[in-house]
Amino acid sequence: MSTADAPKKPRETDDVPVPATLRKSLKNRHIQLIALGGAIGTGLFYGSSESIALAGPSILLAYLVGGLAIFAIVRALSEMSVEDPKAGAFSYYATRYWSKRAGFISGWNYWFNYILVSMVELSVVGSFVNYWFPAIPTWVSAAVFLVIICAANLLGVSKFGEFEFWFAIIKIVAVIAMIVGGLAVIIFVLPTASGVRASFANWFTVGNGFFPNGLMGQNSDGSWTGLLMALVVVMFSFGGTELIGITAGETEDPKTTIPRATNDIIWRILVFYIGALGVIMAVVPWNTIDGKSSPFVQIFDSVGIHAAAGILNFVCLTAVMSVYNSGLYANSRMLYSLAKQGNAPAYLGKLNSRGVPVAGVLTSAAITAIAVVVVFVWPEFAFNYLMSIATIAGIINWTMIMLTEMKFRKVVAAGGAPEDSELAGLSGQEALDAIHFKLPFAKVTPWVVLAFLALVVVLMCFSTSYRIAVIAGVIWLAILFAAYQLTQAKK
């Protein structure tokens with residue numbers, strides 16, 4: 001039989017029935033836009049008002065410092081993802097290179113974190129819909145979008161990638177349009193509503209200069225402000241960037257795609273956070289950004305473009321959908337990984353013919369739906385307590401990534417690299433030197449990042465709104481430890 005007549009191996013796509021396995025259907029363009037979109041959300045469009053109020057123009061330094069920390073965290077995760085691309089990322093690596101307990105805590109912490117984040121996103125989606133259709137009940141909007149996103153995830157990973165690709169395009173175009181519009185106001189000296197001439201000099205001349213509140217200080221009402229306090233707000237706006245690691249197990253060419261997407265994080269932060277907010281504060285005096293509307297709306301309102309509020313409302317609606325889409329994807333893969341480790345019920349580890357962990361998708365969607373009901377029935381409880389856990393869960397997640405990376409290097413140096421890795425059979429410094437995508441200054445960087453995260457936790461204790469998150473974090477970790485011991489005792 002000639003080669004031409006030989007039966008061809010089925011292509012690994014979402015539409016061709018092949019044995020149940022995760023499909024490597026995410027292409028380079030998907031990963032690049034998923035990584036880029038993960039760094040742009042409602043935290044930038046609306047949450048930046050809070051950080052600007054705390055630090056003034058020096059918030060640009062906070063985003064730079066926080067961005068470097070996030071870059072190091074994602075580099076640490078990507079170092080492991082490139083050598084050992086698996087679904088569940090952090091949980092799998094914590095189990096493989098640390099301990100089963102670490103994998104349990106890491107996986108369930110991340111899953112619950114995204115359940116709570118998804119809960120908040122779905123609970124506010126109604127407010128964006130009501131901007132155009134005030135008669136539609138908010139719970140109806142939440143239910144409709146939950147069903148739509150759940151259905152999209154059930155179609156296959158390539159469909160998830162397409163949804164995220166276009167969601168990200170919308171957010172990127174919005175930010176670039178704002179930057180270009182703001183630069184036009186500055187360059188052509190267009191009049192603004194504030195009467196203050198648009199100029200980058202406004203960073204230093206408006207409201208006591210570049211450091212209006214110093215590094216850290218106390219207001220007359222007892223609240224703390226300044227550059228350091230702004231770091232707390234800044235760090236949580238970066239949540240979601242670690243999604244790159246989750247996608248590694250379903251990426252066509254992780255050795256090429258993951259490093260490229262990871263290295264691009266720096267310029268994304270420079271352009272989409274520092275660049276955008278820098279332009280905003282050059283056009284709109286920072287001390288007039290009060291949080292009543294988005295800074296992105298204010299910059300267009302200041303030059304008479306009043307349609308900006310409606311446009312940004314649409315952008316934020318897509319951003320909310322994007323967060324839930326990513327959250328449901330990440331959670332289903334995390335449950336799949338936990339099941340394969342023996343840290344979750346076995347039914348969650350089953351895949352359909354499209355390579356989708358259907359049970360993981362449906363279970364996560366059902367729990368999220370219950371959480372959304374809690375928000376509508378007891379909003380104060382949900383936002384004060386459940387979101388406090390989500391806030392600290394992000395810190396726990398990043399901390400475990402750095403600790404796991406150090407464990408990974410120890411295992412690799414001892415000759416315990418994955419069998420299908422190019423590191424297999426190597427040990428000692430030779431194995432470490434052969435790592436394809438190394439964390440820069442790997443002996444020092446994890447400790448610097450861990451110290452930085454510890455500083456953020458300490459700073460949270462100075463804020464009334466974040467202090468409860470620290471207390472909740474201790475209780476949450478205790479619950480996870482107890483849950484692990486209980487599951488092991490039953491086995």
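The lining of the second largest pocket comprises four nonpolar, one polar and five charged residues. Here Ala, Val, Leu, Ile, Met, Phe, Trp, Tyr, Cys and Pro count as nonpolar, Asp, Glu, Lys and Arg as charged, and the others, Gly among them, as polar. This is a predicted model, in which local features need pLDDT of at least 70 and side-chain atom pairs count only at pLDDT 80 or more, while totals for chains, interfaces and linings use all residues. Residues are numbered from 1 along each chain as its sequence is written, and side-chain values use heavy atoms, with hydrogens and water left out.

Among the residues lining this pocket are Met406, Arg409, Asp433 and Trp447. Helix H17 (379-413) and helix H18 (428-433) each contribute at least two lining residues; helices are DSSP runs (H or I, at least four residues), numbered from the N terminus.

The largest nonpolar core has 163 residues, of which Ile59, Val175, Ile246 and Phe296 touch the most other members. Such a core is a set of buried Ala, Val, Leu, Ile, Met, Phe, Trp, Tyr and Cys residues joined through side-chain atoms within 4.5 Å, where buried means under 20% relative accessible area, exposed over 50% and partly exposed in between (1.4 Å probe, protein chains only). Beyond neighbours within four places in sequence, Phe296 has contacts (heavy atoms within 4.5 Å) that include Leu44, Val175 and Leu312.

Thr256 belongs to helix H12 (residues 254-263) and is partly exposed, its relative accessible area being 35%. The C-alpha atoms of Thr256 and Phe200 are separated by 38 Å.

Terms used: 1 Å grid on protein atoms, 1.4 Å probe; cavity = no way out; pocket = protein on both sides within 12 Å on 5 of 7 lines; lining within 4 Å.
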